[in-house]
Amino acid sequence: MDPFVPNLLAGKTAFIAGGTSGINLGIAKRMAGLGAKVAVAGRNPEKAAAAAAEIGGPDVAIGLSCDVRVYASVEEALQIAVDAFGKLDIVISGAAGNFVAPALGMSANGFRTVVDIDLNGTFNVFRACYAHLNLPGASLIAISAGQAVNATMFQAHVCAAKAGINHLCRVLAMEWGPTGVRVNAISPGPIEDTEGMARLAPTPEARVAIETRIPLRRYGTKEEIGDAAVFLSSDAARYITGAVLTVDGGSELGDSRLGASLGVS
Ligand code: NAP
Ligand code: COA
């Protein structure tokens with residue numbers, strides 16, 4: 001049974017940066033399924049158009065081309081979304097880049113590229129959307145990751161960027177709370193069928209190795225992250241701001257195989 005009432009988000013408009021694939025497209029579909037109008041944006045215009053069609057077509061979704069690293073491009077995409085569907089109630093900043101490389105195998109441009117997409121991109125999306133928000137009551141959500149709090153080898157760029165995102169959200173929550181804007185982050189654990197996990201765990205063996213350490217013993221689904229985003233954007237979360245909602249089956253708690261080594265079951 002669906003945990004949310006039908007049409008929970010009817011009358012709401014969402015802009016989802018990085019919403020043209022993966023987890024963020026999952027969020028877009030979940031929100032549209034509950035009645036929201038959604039604009040999804042990514043660099044590739046064909047991918048954006050295909051995503052919008054998959055979500056439900058022009059009455060429900062539009063696909064936009066933008067590069068979150070370029071402020072003017074974000075502003076342009078936001079304006080098109082607002083012209084199509086009206087002021088924004090929900091804004092998700094989920095665009096990201098990742099590759100696995102040791103710090104010594106990463107050029108300055110490689111490091112900068114990921115920080116630019118993830119962290120600077122989140123500032124750009126949130127800063128530019130403010131003028132288009134339905135106030136009070138707007139919900140802004142950044143998509144973070146466990147690397148924000150767990151130092152992770154070969155992920156120097158992502159660790160730095162996602163830690164920055166968590167703290168940026170806290171500052172914006174303080175500055176924008178008085179006008180009725182809530183700013184939160186979601187930190188997903190490993191999510192199945194995503195580009196992120198294809199890069200971080202490219203083999204079935206790597207997936208099993210990760211799953212055996214997770215307290216809930218499995219990857220999460222895009223729908224589960226969609227549900228968290230719906231919750232944070234609903235009235236049920238009206239007093240929640242500046243929070244990082246971790247949705248990871250307990251991954252961040254540590255390696256849950258360790259109890260076995262103590263001989264206690
Ligand atoms: P994904 O499918 O590769 O999604 C990335 C999205 O961002 C795409 O829509 C991509 O479209 C867009 N994008 C990339 N660079 C962009 C740029 N410069 N400007 C605008 N859009 C850009 O990845 P995913 O694995 O689902 O990850 C989605 C989010 O969840 C990311 O924030 C990631 O860090 C986070 N996350 C993922 C996992 C996981 O298990 N996958 C775990 C924790 C956190 P274009 O390529 O067309 O630009
Ligand atoms: N190892 C080391 N460096 C790498 C690398 C790798 N596997 N992949 C890219 N880089 C470096 C490049 O060499 C370049 O540095 P250089 O100019 O010093 O050579 C720098 O990163 C930028 O690469 P480029 O391909 O020009 O960037 P882009 O803006 O076209 O693409 C990426 C950005 C690299 C993050 C690309 O992987 C991407 O578009 N990712 C989006 C999808 C994604 O990562 N999804 C998962 C989200 S969790």
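Guide: What follows is a set of questions and answers on a model that is predicted.

Visitor: Is Ser-187 buried or exposed?
Guide: Ser-187 has its place in strand 6, which covers residues 181-188. Its relative accessibility is 2%, and since burial is set at under 20%, Ser-187 counts as buried.

Visitor: Which backbone atoms does the side chain of Ser-187 reach?
Guide: Leaving aside residues up to four places away in sequence, Ser-187 touches a set of residues that includes Ser-144, Ala-145, Gly-146, Thr-246 and Glu-252. Within that set, the side chain of Ser-187 reaches two backbone atoms, at 3.5 Å the oxygen of Ala-145 and at 3.3 Å the nitrogen of Gly-146.

Visitor: Which parts of the chain does the aromatic pair tie together?
Guide: The structure holds one aromatic pair, formed by Tyr-130 and Trp-176, with 4.9 Å from centre to centre and 50 degrees between the planes, and this pair is tilted. Tyr-130 counts as partly exposed at 22% relative accessibility, whereas Trp-176, at 12%, counts as buried. Because the two residues are 46 residues apart in sequence, the pair ties together the loop between helix 4 (108-129) and strand 5 (138-143), where Tyr-130 lies, and helix 5 (residues 156-176), where Trp-176 lies.

Visitor: Which residue lies over the face of Tyr-219?
Guide: The distance to the ring centre of Tyr-219 is 4.2 Å, and the cut-off for a charge over a ring is within 6 Å of that centre. The residue over this face is Arg-207.

Visitor: Which residues touch the most other members of the largest nonpolar core?
Guide: Strand 1 (13-17), strand 2 (37-42), strand 3 (61-65), helix 3 (71-85), helix 4, strand 5, helix 5 and strand 6 each supply at least two residues of this core. Phe-15, for example, touches residues including Ala-39, Leu-64, Ala-77 and Ile-90, when residues up to four places away in sequence are not counted. Of the 35 residues in the core, those that touch the most other members are Phe-15, Val-91, Phe-126, Leu-140 and Val-183.

Conventions
Residues are numbered from 1 along each chain as its sequence is written. Chains are lettered from A and ligands numbered from 1 in the order in which they are written. This is a predicted model: local features need pLDDT of at least 70, side-chain atom pairs count only at pLDDT 80 or more; totals for chains, interfaces and linings use all residues. Side-chain values use heavy atoms; hydrogens and water are left out. Helices (H or I, at least four residues) and strands (E, at least two) are DSSP runs, numbered from the N terminus. Buried means under 20% relative accessible area, exposed over 50%, partly exposed in between (1.4 Å probe, protein chains only). A polar contact is a pair of N or O atoms within 3.5 Å; within protein, one must be able to donate a hydrogen and the other to accept it, and residues adjacent in sequence count only if both atoms are side-chain atoms. Contact means heavy atoms within 4.5 Å. Rings of Phe, Tyr and Trp (its six-membered ring) pair if their centres lie within 6.5 Å; planes under 30 degrees apart count as stacked, over 60 as edge-to-face and the rest as tilted. A charge sits over a ring if NZ of Lys or CZ of Arg is within 6 Å of the ring centre and within 35 degrees of the ring normal. A nonpolar core is a set of buried Ala, Val, Leu, Ile, Met, Phe, Trp, Tyr and Cys residues joined through side-chain atoms within 4.5 Å.
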